[in-house]
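Biologist: I am new to reading protein models. Please take me through one, feature by feature.

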Amino acid sequence: MQLNKINDALTVSPQIAADDIAALKEAGFRSIICNRPDGEGSDQPTHEEIEAAAKAAGLEMRYLPVQTGLVQDADAVAFGAAMRDLPGPVLAYCRSGTRSATLWSLSQAKTLPMAEILGATQAAGYDMNGVARRIANGGKTPTDTGDAKFDVVIVGGGAGGVSVAASLKARKPGLSVAILDPADIHYYQPGWTMVGGGIFDPQDTAKTMASLIPQGVHWIKSAVAAFEPENNAVILDGCRVVKYDRLVVCPGLKLDWDKIDGLEETLGRNGVTSNYRYDLAPYTWELVRNLKQGRALFTQPPMPIKCAGAPQKAMYLSGDAWFRNGALKNIDIQFMNAGGVLFGVKDYVPALMEYVRKYDATLNFFHTLIAVDGPAKKATFAVNAPDGAPTTVEVEFDMLHVCPPQTAPDFIRVSPLADAAGWVDVDQATLRHTRYDNIWSLGDVMNAPNAKTAAAARKQAPTVADNIVADIRGRSAVAQYDGYGSCPLTVERGKIVLAEFGYGGTLLPSFPSYLIDGTKPSRAAWFLKEKLLPPIYWKAMLKGKEWLAKPEKLKVAAE
């Protein structure tokens with residue numbers, strides 16, 4: 001007997017036998033739903049046999065037969081009613097369990113988010129993407145999907161999405177291109193570290209989405225619910241369907257604040273802040289300015305995260321402010337890193353360690369933040385050092401800067417586009433999907449082993465655009481991405497260690513060393529970060545002007 005748990009209320013299974021009832025009762029089940037019509041298989045017991053055994057054991061039974069492949073809307077309604085009426089937990093079964101999982105999915109469509117339904121059934125071993133349209137339509141079969149059709153559909157209007165749209169239109173102005181994104185505001189997220197350091201004003205890091213959509217590109221202001229790659233379709237919230245010839249997926253990633261117990265309740269107060277949110281970065285600077293003594297914690301979760309240097313950038317800029325105002329000697333700076341190294345590319349570590357020593361910061365490796373008690377000003381960390389037994393420690397704080405755990409968005413993780421870890425599965429050179437030839441991905445959501453930074457998206461967008469245009473012309477991929485990422489590590493106000501690297505930690509400097517030696521702190525790199533990169537982002541990258549971002553020709557194609 002194979003039991004596939006959907007949630008605490010429902011488990012589904014393949015066909016059961018009367019002899020299984022005792023074990024089901026022992027396991028705590030109180031009711032059974034049969035979704036398999038009698039006579040479907042020669043070795044199948046009738047529902048009356050199962051019902052008799054269930055009643056003898058004190059379990060309730062409901063017979064809701066559904067023909068395979070023909071789950072009707074009324075069947076889902078009846079299943080939902082049975083789940084409400086029957087004492088739980090409930091076991092539902094059919095030949096394989098798929099019909100039971102489908103009925104549950106449709107019955108929950110009005111009460112649970114699509115991603116939660118798909119995630120629960122996926123974890124139980126059932127792929128419900130085939131009924132995603134019906135789930136999006138409240139569990140009912142759509143009668144009017146209101147299809148729209150475009151040459152290229154782009155999921156996500158962030159740095160990657162707007163840039164690739166602009167690059168595509170620059171190459172083929174006649175392309176019909178649509179961006180799907182529900183957001184009203186587009187943020188320059190690399191600027192939030194500078195906001196938290198008192199250097200940028202927050203409003204300078206935000207513009208309306210409408211002002212940035214490239215000319216001739218359609219903006220569909222809606223969230224994506226699911227994908228149907230076999231049908232070249234994207235399902236939007238509300239069950240509208242957008243069809244495409246080619247799809248680009250770049251919705252960014254999800255900041256998983258609720259994975260840390262107590263964090264969301266205290267963010268923005270009690271000394272708890274984060275530069276990973278637009279509304280909280282100013283609070284970081286407020287805390288830094290007002291802290292004269294005490295302990296300041298800066299956390300970094302397990303990888304992958306966007307801009308892996310950002311957690312320590314916050315520490316360095318804060319330490320510099322305290323150094324300048326004379327408070328540093330009274331402040332205990334602690335860097336709590338879930339990983340085992342300060343920075344993943346060793347060439348930059350010596351320069352960073354100079355500043356760790358300057359600010360007298362304590363490095364605590366293999367420390368993962370798991371809980372925050374804001375009013376008590378205590379943070380709890382799981383400690384998993386390779387040479388010791390797992391344990392937890394509680395650390396008091398006066399200021400806590402949190403970098404939250406990060407995952408792929410829910411609607412990506414449960415989609416057919418995802419790899420086993422939930423990220424969009426691409427070829428790391430061409431950024432084309434490994435299974436669907438007309439799908440590409442870029443930015444933070446895809447699984448290439450590069451640093452997740454805006455600078456990476458700046459290089460990825462022209463690569464994707466080149467390869468899509470080549471595909472339209474019937475050619476194979478012509479451009480490749482070398483894993484380039486840039487992390488301007490703001491080690492003090494006025495100086496930056498400009499980390500630029502590609503796959504495998506290979507150094508990929510954009511400038512000759514006599515201008516900027518990225519392994520050493522420099523004022524030139526600070527000037528680049530403060531004065532040049534914001535206008536390059538707004539006026540070049542998002543406009544399809546590929547300054548310092550020309551795509552590298554694919555070596556195979558060039559030979």
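Modeller: Start with Lys254, which is partly exposed at 25% relative accessibility. Buried means under 20% relative accessible area, exposed means over 50%, and partly exposed lies in between (1.4 Å probe, protein chains only). This is a predicted model: local features need pLDDT of at least 70, side-chain atom pairs count only at pLDDT 80 or more, and totals for chains, interfaces and linings use all residues. Residues are numbered from 1 along each chain as its sequence is written, and side-chain values use heavy atoms, with hydrogens and water left out.

Biologist: With which residue does Lys254 form a salt bridge?

Modeller: First, the rule. A salt bridge is a side-chain nitrogen of Lys or Arg within 4 Å of a carboxyl oxygen of Asp or Glu. Lys254 pairs with Asp410, and their closest N and O atoms are 3.1 Å apart. This pair links distant parts of the chain: Lys254 is in strand β14 (residues 254-255) and Asp410 in helix α13 (residues 410-413), 156 residues apart. Helices (H or I, at least four residues) and strands (E, at least two) are DSSP runs, numbered from the N terminus. Asp410 is partly exposed too, at 27%.

Biologist: Which residues are linked with them in a network of salt bridges?

Modeller: The network holds Lys254, Asp256, Lys259, Asp410 and Arg413. By this rule, the count comes to 25 salt bridges.

Biologist: Please show me another one.

Modeller: Take Glu492 and Lys358, whose closest N and O atoms are 3.9 Å apart. Glu492 is buried, at 10% relative accessible area. Lys358 is partly exposed, at 30%. Now compare Lys5 and Asp8, a salt bridge with its closest N and O atoms 3.0 Å apart. Lys5 is exposed at 51%, and Asp8 is exposed at 65%.

Biologist: To which strand is β26 joined by bridges?

Modeller: Two strands pair if DSSP finds at least two bridges between them. Here, seven bridges join β26 (residues 485-492) to β27, and the two run antiparallel. Pro488 stands opposite Leu498 in β27. The two strands form a hairpin with two residues between them. In the turn, Gly494 has a positive phi of about 105°.

Biologist: Why is β27 called largely enclosed?

Modeller: Count its buried residues. Six of the seven residues of β27 (residues 495-501) are buried, so the rest of the structure largely encloses this strand.

Biologist: Which residues are joined by a cis peptide bond?

Modeller: Gly88 and Pro89 are, with omega about 0°. Pro89 is in the loop between α3 (73-85) and β5 (90-93). The bond from Met303 to Pro304 is also cis, with omega near 0°. Pro304 lies in the loop between β16 (294-300) and α11 (310-325).
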